[in-house]
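This report describes selected local features of a single protein chain. The sequence and the structure are shown first, and the sections that follow take up one kind of feature at a time.

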Amino acid sequence: MSTQAPTRRTGFRHRAAAGLTALILPLAAMVGLATPAEAATSATATYTKTQDWGTGFGASWTVKNTGTTAISSWTVEWDYPAGTSVTSAWDATVTSSGTHWTAKNVGWNGSLAPGASVSFGYNGAGSGAPTGCKINGAACDGTTQPGDNPPSAPGTPVASGVTDTSVKLTWTAATDDKGVKNYDVLRDGTKVTTTTGLTYTDNGLTAGTDYSYTVVARDTIDQTGPAAGPVPVRTTGGGGGTPPPNVVKMGYFTNWGVYGRNYHVKNIVSSGSASKITHINYAFGNVTGGKCTIGDAYADYDKAYTADQSVDGVADTWDQPLRGNFNQLRKLKAKYPNIKILWSFGGWTWSGGFGQAVQNPAAFAQSCYDLIEDPRWADVFDGIDLDWEYPNACGLSCDTSGAASFKNMMQAMRAKFGANYLITAAVTADASAGGKIDAADYAGAAQYMNWFNVMTYDFFGAWAAQGPTAPHSPLTAYPGIPQSGFNSAEAIAKFKAKGVPANKLLLGIGFYGRGWTGVTQDAPGGTATGPAPGTYEQGIEDYKVLKNSCPATGTVAGTAYAKCGSNWWSYDTPATVTSKMSWAKNQGLGGAFFWEFSGDTGNGELVGAINTGLS
C-alpha cells in the first residue's frame with residue numbers, strides 16, 4: 001500500500017505552472033545583450049498564441065519579407081505588461097530589459113528572400129498580450145512608421161492601504177517611443193483622475209463596497225494604450241466585523257493520511273480540534289466514467305482499527321459491516337454531534353473525470369447520490385464537496401466543457417440531493433484578468449450551493465524553481481508580487497463582484513509551507529536554485545515541522561516567511577491565521593477552511609487559531 005496517495009491535492013494553480021519549470025532554465029543561457037534594431041526594411045511580424053494553460057501560454061511570431069530585396073537578419077521587439085514574461089524560447093535569441101522584449105534571429109534563419117517567412121516560438125508566464133511590436137525598427141504590421149505606436153500597458157496596479165473610504169493604487173511605468181505623458185485611472189470604467197505619477201489614492205468611497213480599477217497610459221501625442229487591470233478592491237467596513245450565523249470552520253481529512261503520515265480520525269479528537277470545528281471534508285472520492293466512485297476502499301471502509309487507535313476505544317471486529325475511516329467518522333459524529341461531514345470528490349489528480357461527468361449532469365448526480373447514500377455508510381455523510389480543478393480551464397489537464405458546466409452540475413446536484421443536503425465546492429482563487437475565476441459561471445452556481453472553499457493558497461511555489469521567492473498564501477498584494485491577481489483579497493473581491501454572496505465564501509488556509517533552496521536573500525523576491533527538501537515532497541513541508549526547523553522571522557502580505565541556511569519558506573502561523581480570520585470576519589465571509597488536518601501540531605495550534613479568530 002502506498003504511503004503517499006496519488007490523489008493528494010497539492011492545491012491551487014501550481015501544477016499548471018509546473019510545466020514551465022523545465023522550460024525556465026534554458027532561458028538563462030539565451031539571455032544576452034540586445035543589439036540595436038537594424039534600419040527599417042520591408043517586413044512584417046505576426047503574433048499567434050498557440051496554447052493557454054491559465055498561468056502560462058505558448059506563442060510564436062512569424063517574420064515575413066514583404067520587400068523586393070533579401071533580408072540578412074531580423075530583430076522583433078515588443079512589450080509585455082508587468083507579470084507576463086518569456087520563460088523559454090527556440091529558433092531565436094530572446095532578451096529583455098524590464099518589460100521590453102527583443103528576439104533576434106539565430107545564425108541559420110536570419111536570411112530571408114523576398115516573400116519568404118520564418119517563425120520562432122516560446123513559452124511564457126502570465127496572461128498579458130504583446131504591444132508596440134517592431135520588426136527591424138519599423139511597425140510590425142507594415143502600415144505605420146517608427147514613432148507612431150501607442151504606449152504599452154502600465155504594470156497591473158497594486159491596491160494597498162484599503163480603508164472604509166479609500167484605496168491607494170500603485171503601478172509601474174508604461175513604455176512608448178515618444179514618451180509617456182500621463183496616466184488615466186478608471187474606477188468601474190469611469191475616469192477618476194489623470195496623473196503624471198505612478199500612484200493615486202482614491203478617496204470618498206463607500207464602506208463595504210466592491211470596486212474595479214484600471215490604468216491607461218497616454219503618450220505625448222495623446223494616443224492611449226491598452227488598459228492595465230482590472231484590479232478588484234473591496235473597501236473595509238460596511239457592517240462586517242462579526243461572523244455570520246453558523247460560521248463554518250472546516251478541515252480536509254485525507255484518506256491516504258492513515259498510511260505514511262499515520263494520521264487517523266482519532267487524532268482530530270486527541271489534538272483538541274474536534275471541539276473547534278464545524279465540518280470535515282473527507283478527501284477524496286474519484287470521478288471516473290461519468291460517475292462518483294470510491295477513492296481508496298481499504299482506507300475508506302475496510303481498514304481494521306485496534307482499541308487504542310479508535311475514536312471510542314473499541315476495537316473493530318473481523319465481521320462488522322463497516323470499518324475504516326467511515327466507521328471512525330461515524331464514531332466521531334456520535335461523540336461530537338455538531339460536526340457535519342461531507343464527502344469530497346475530485347482533487348488535483350482526479351479532476352479530469354468531471355468533463356465527461358457533466359455531459360450528463362443528472363446521471364452524474366444520481367451516481368454520487370447512490371454512492372453517498374449506500375446503506376453501509378449513509379448516516380456518515382451530510383453533504384458532497386466537488387473539488388473540480390478547474391472547470392472550463394486547465395489544471396493537471398484542460399477542461400473545455402464550457403462556462404455553464406459548473407453551474408449545470410450544481411443545479412443537478414441540488415435537484416437530486418434536495419434542500420437539506422450540503423453542496424459545496426473547492427474553487428480557484430485565480431483573480432487575474434481572464435483567469436480561472438472568469439472561466440466558469442460561479443455566480444450562477446451559487447444559488448444551488450451552500451458555500452465555496454476558495455483555495456487561497458499555493459499562489460506561488462518552487463515549481464518556479466529559480467524563484468522569485470514569494471509567500472504561497474498572500475492575503476493581499478504587495479510591491480514586487482510576481483503575479484497580479486494572485487492573492488486572497490483580490491480573489492474574494494472578484495467572486496463578490498461577480499455576484500457570489502460573501503457568506504457563501506470561505507477563506508482557505510494551508511497547514512503547510514512552500515520553500516526554495518539556494519536562496520541568499522532573506523526578504524521575498526530572491527532567486528533560488530530549486531525546491532527545498534521536504535518530508536514527503538520537495539518544496540513543501542508541514543507547519544508542525546517548519547515551526548521548529550525554520551521558525552518565522554518576518555511577515556509579508558499577511559503571512560509569514562523565514563530563511564534558514566539556504567532554504568526559504570513561507571507559511572501561516574497561529575498569529576497570521578488569527579489576523580486572516582479577523583479579515584474574513586470584516587469581509588462578512590461564511591468562515592474558513594484548511595488543507596489539511598495532519599499538517600497541524602499535535603495540540604492543534606492552527607485549528608485553535610481559526611476557531612479563536614472566527615469566534
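## Charges over aromatic rings

Lys436 places its charged end over the ring of Tyr390, at 5.2 Å from the ring centre. The model is predicted. Tyr390 lies in the loop between strand S21 (383-387) and helix H9 (405-417).

## Cis peptide bonds and positive phi angles

Most residues other than glycine have a negative phi, and most peptide bonds are trans. Tyr390 is joined to Glu389 by a cis peptide bond, with omega about 10 degrees. Another cis peptide bond lies between Trp595 and Glu596, where omega is about -20 degrees. Glu596 belongs to the loop between strand S31 (591-595) and H14.

Asn262 is not a glycine, yet it has a positive phi of about 55 degrees. This residue is placed in the loop between strand S17 (248-254) and helix H3 (265-270). Ala557, also not a glycine, has a positive phi of about 55 degrees. The loop that holds Ala557 runs between strand S28 (554-556) and strand S29 (559-564). Ala557 has a relative accessibility of 14% and therefore counts as buried, the limit being under 20%.

## Aromatic pairs

A pair of aromatic rings is described by the distance of the centres and the angle of the planes. The count in this model comes to 43 aromatic pairs. In one of them, the ring centres of Phe57 and Tyr80 are 6.1 Å apart and the planes stand at 70 degrees; because angles over 60 degrees count as edge-to-face, the pair is assigned to that class. The pair links distant parts of the chain, 23 residues apart: Phe57 is in strand S2 (residues 56-65), and Tyr80 is in the loop between strand S3 (75-79) and strand S4 (85-90). Both Phe57 and Tyr80 are buried.

Ring pairs also join Phe253, Tyr263, Tyr282, Tyr301, Phe326, Trp343, Phe345, Trp377 and Phe381 into a cluster.

## Surroundings of Ile372

Ile372 is located in helix H8 (residues 361-372). Its relative accessibility is 0%, so Ile372 counts as buried. Apart from neighbours within four places in sequence, Ile372 is in contact with Trp343, Phe345, Trp377, Ala378, Phe381, Ile384, Phe417 and Tyr421. Among the members of the ring cluster are Trp343, Phe345, Trp377 and Phe381. Between Ile372 and Gly383 the C-alpha to C-alpha distance is 8.6 Å, with a separation of eleven residues in sequence.

## Surroundings of Thr44

Strand S1 (residues 43-52) contains Thr44. With a relative accessible area of 18%, under the 20% limit, Thr44 is therefore buried. Beyond its neighbours within four places in sequence, Thr44 is in contact with Thr62, Val63, Lys64, Thr66, Ile135, Cys140, Asp141 and Gly142.

## Packing of H13 and H14

Two packed helices are described by the angle between their axes and the distance between the axes. Helix H13 (residues 574-586) packs with helix H14 (residues 605-614) at an angle of about 30 degrees, and their axes are 8 Å apart. Because angles under 35 degrees count as roughly parallel, H13 and H14 are described in this way. The crossing of H13 and H14 is right-handed. On the H13 side the contact is made by Pro574, Val577, Thr578, Met581, Ser582 and Lys585. The H14 side contributes Glu605, Leu606, Ala609, Ile610, Gly613 and Leu614.

Technical notes
Residues numbered from 1 in each chain as written. Predicted model: local features only at pLDDT ≥ 70, side-chain atom pairs only at ≥ 80, totals over all residues. Heavy atoms only, no water. Helix = DSSP H or I, 4+ residues; strand = E, 2+ residues; numbered from the N terminus. Buried < 20%, exposed > 50% of the residue type's maximum accessible area, 1.4 Å probe, protein only. Contact = heavy atoms within 4.5 Å. Phe/Tyr/Trp six-rings, centres within 6.5 Å; stacked < 30°, edge-to-face > 60°. Lys NZ or Arg CZ within 6 Å of the ring centre and 35° of its normal. Axes fitted to C-alpha atoms, helices over the stretch in contact; angles between N-to-C directions. Parallel < 35°, antiparallel > 145°, perpendicular 65-115°, else oblique. Left-handed = near helix turned anticlockwise from the far one by under 90°.
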